[in-house]
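Here is a short note to read beside the model. Keep the viewer open and find each residue as it comes up.

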Amino acid sequence: MAKTQQTIAIYPGSFDPITLGHLNIIKRAAVLFDKLIVCVMVNSEKNGLFSYEDRAALIQRVIDGAGLTNVEVDCSTELLVAYAKRKKARALIKGLRAVSDYEKEAQMALINRKLNPKLDTLFLTSSEKYTYLSSTVVKEMAYYGADLRDFIPREIVDDVREKINSRRTN
Ligand code: ADP
């Protein structure tokens, strides 16, 4: 039988900036769905290094570099379930690094499913290479001048270094 509707998933996050851990999850989720939307969620809590637009532009460059043709990049100020509904998404993708991620993420998944019972959350466990990795660690490493190539995609290394340096001199 012909498939009538595309299966769409959303991978939401702060991505300040995108790391190799995020990219690993993106690549794995992209093969499971017809379309994956990586969405930078505008969140008043986090004081960011990059603007939301810049984060999305960096992700786009990495996606293009990786040749991931079924991955889109977006930015949203909406409630995640409302955004997912508008995009006709079937699932949310979350990466789990450690048991400590699980508690918060499981609670969010339950809330989101209550708000929209048709939307499921799929957890992908982090590749063991990247379980220690977070955007916060990357910013810390960049601040101390560490080599960033083991942490973030090469296409964005210079941008992160320059941004950290400009913060330092301002
Ligand atoms: P952080 O600022 O902690 O890096 P984000 O909000 O940008 O986190 O993360 C977005 C999503 O990516 C979350 O589901 C998070 O659990 C997941 N994630 C973050 N880093 C990794 C990693 N190294 N491996 C797997 N998943 C990750």
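1. A residue counts as buried under 20% relative accessible area, as exposed over 50%, and as partly exposed in between. Arg61 has 35% relative accessibility, so Arg61 counts as partly exposed. Keep in mind that this is a predicted model.

2. Start with charge. Side chains of opposite charge can pair when their charged atoms come close. The count of salt bridges comes to 10. The points below take up some of them.

3. Which residue forms a salt bridge with Arg61? The partner is Asp159, and the closest N and O atoms are 2.9 Å apart. Arg61 sits in helix H2 (residues 52-66) and Asp159 in helix H6 (residues 157-169), so this pair ties together parts that are 98 residues apart in sequence. Asp159 has a relative accessible area of 24%, so Asp159 is partly exposed.

4. Now go to Lys94 and Glu105. Their side chains meet in a salt bridge, at 2.8 Å from N to O. Lys94 belongs to strand S4 (residues 91-96), while Glu105 belongs to helix H4 (residues 99-115), so the pair ties together parts that are 11 residues apart in sequence. Are these two buried or exposed? Lys94 is buried, with a relative accessible area of 13%. Glu105 is buried too, with a relative accessible area of 13%.

5. Asp147 and Arg149 are another pair to check. Their side chains form a salt bridge, with 2.8 Å between N and O. Asp147 is partly exposed, at 42% relative accessibility. Arg149 is partly exposed as well, with a relative accessible area of 42%. Elsewhere, salt bridges with shared partners join Asp16, Arg55 and Lys139 into one network.

6. Turn to the rings. A pair of aromatic rings is described by the distance of the centres and the angle of the planes. How many aromatic pairs does the structure hold? There are 4 aromatic pairs. One of them brings together Tyr11 and Phe15: the ring centres are 5.2 Å apart and the planes are at 75 degrees, so the pair is edge-to-face. Tyr11 is buried, at 5% relative accessibility. Phe15 is also buried, at 2% relative accessibility.

7. Tyr132 and Phe151 form an edge-to-face pair as well, with 6.3 Å from centre to centre and 80 degrees between the planes. This pair links distant parts of the chain, 19 residues apart. Tyr132 lies in the loop between strand S5 (120-125) and helix H5 (135-143). Phe151 lies in the loop between H5 and H6. Tyr132 is partly exposed, with a relative accessible area of 43%, whereas Phe151 is buried, with a relative accessible area of 12%.

8. Last, look at the second largest pocket. What is its volume? The volume is about 270 Å³. Its lining includes Gln5, Gln6, Thr7 and Ile8. Ala84, Lys85, Lys88, Ala89 and Arg90 line this pocket too, and so do Asn116, Lys118 and Leu119. By class, the lining has 4 nonpolar, 4 polar and 4 charged residues.

Key. Residues are numbered from 1 along each chain as its sequence is written. This is a predicted model: local features need pLDDT of at least 70, side-chain atom pairs count only at pLDDT 80 or more; totals for chains, interfaces and linings use all residues. Side-chain values use heavy atoms; hydrogens and water are left out. A salt bridge is a side-chain nitrogen of Lys or Arg within 4 Å of a carboxyl oxygen of Asp or Glu. Helices (H or I, at least four residues) and strands (E, at least two) are DSSP runs, numbered from the N terminus. Buried means under 20% relative accessible area, exposed over 50%, partly exposed in between (1.4 Å probe, protein chains only). On a 1 Å grid over the protein atoms alone, a cavity is a set of points where a 1.4 Å probe fits but cannot get out, and a pocket is an open set with protein on both sides within 12 Å along at least five of seven lines; lining residues have an atom within 4 Å of a point. Grid points are joined across faces, edges and corners, and a volume is the space filled by probe spheres set on the points. Ala, Val, Leu, Ile, Met, Phe, Trp, Tyr, Cys and Pro count as nonpolar, Asp, Glu, Lys and Arg as charged, and the others, Gly among them, as polar. Rings of Phe, Tyr and Trp (its six-membered ring) pair if their centres lie within 6.5 Å; planes under 30 degrees apart count as stacked, over 60 as edge-to-face and the rest as tilted.
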